[in-house]
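Open the model in your viewer and keep the sequence panel beside it.

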Amino acid sequence: VVYMKKKDYPTSMDYYQRALNIVEKSTNTYRKVVNYTNLSEVYIHLGRYDEAERLLNKSAQLAKAMRHKEVLAEIYDKLTLLETTRARYKQAFAYMS
């Protein structure tokens, strides 16, 4: 989080990836969703849109399965950011509805 605020995206990606490697071995679905979502934001800032989209879709599937509406809303916010960054405004608007 600190490195994200400093806009040090490569370092952020490194730490988020390390955390993800640990959490993927666990059964804690919520932590997986949080880590996928955090890492996707780094990918957006680095212009790695396809990777960000893949992680956000994975997060959304898990959040839906958990029936965690608050987390799903946050994921949709990130998908909106992604599509706005890609200048795909129609898709961005669909996530806001």
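Select Tyr 30, Val 33, Thr 37, Glu 41 and Ile 44 in H3. In this predicted model, they meet Val 71, Glu 74, Ile 75, Lys 78, Leu 81, Leu 82 and Thr 85 in H5. Colour this contact by residue class: seven are nonpolar, two polar and three charged.

Now show both helices whole. H3 covers residues 29-45 and H5 covers residues 69-85. Their axes lie 11 Å apart, at an angle of about 15 degrees. Angles under 35 degrees count as roughly parallel, so H3 is roughly parallel to H5. The crossing of H3 past H5 is left-handed.

Stay on H5 and pick Thr 80. Is Thr 80 buried or exposed? Its relative accessibility is 11%, so Thr 80 counts as buried. Look for a polar atom of the Thr 80 side chain: the backbone oxygen of Tyr 76 is 2.8 Å from it.

Move to the loops. Most residues other than glycine have a negative phi. Two residues here go the other way.

- Select Lys 7, in the loop between H1 (2-5) and H2 (9-23). Lys 7 is not a glycine, yet its phi is positive, about 60 degrees. Lys 7 is exposed, at 59% relative accessible area.
- Select Arg 67, in the loop between H4 (49-66) and H5. Arg 67 also has a positive phi, near 60 degrees. With a relative accessible area of 74%, Arg 67 is exposed.

Definitions and conventions: Residues are numbered from 1 along each chain as its sequence is written. This is a predicted model: local features need pLDDT of at least 70, side-chain atom pairs count only at pLDDT 80 or more; totals for chains, interfaces and linings use all residues. Side-chain values use heavy atoms; hydrogens and water are left out. Axes are lines fitted to C-alpha atoms, for helices over the stretch in contact, and angles run from 0 to 180 degrees between N-to-C directions. Helices (H or I, at least four residues) and strands (E, at least two) are DSSP runs, numbered from the N terminus. Angles under 35 degrees count as roughly parallel, over 145 as roughly antiparallel, 65 to 115 as roughly perpendicular and the rest as oblique. A crossing is left-handed if the near helix is turned anticlockwise from the far one by less than a right angle, and right-handed if clockwise. Contact means heavy atoms within 4.5 Å. Ala, Val, Leu, Ile, Met, Phe, Trp, Tyr, Cys and Pro count as nonpolar, Asp, Glu, Lys and Arg as charged, and the others, Gly among them, as polar. Buried means under 20% relative accessible area, exposed over 50%, partly exposed in between (1.4 Å probe, protein chains only). A polar contact is a pair of N or O atoms within 3.5 Å; within protein, one must be able to donate a hydrogen and the other to accept it, and residues adjacent in sequence count only if both atoms are side-chain atoms.
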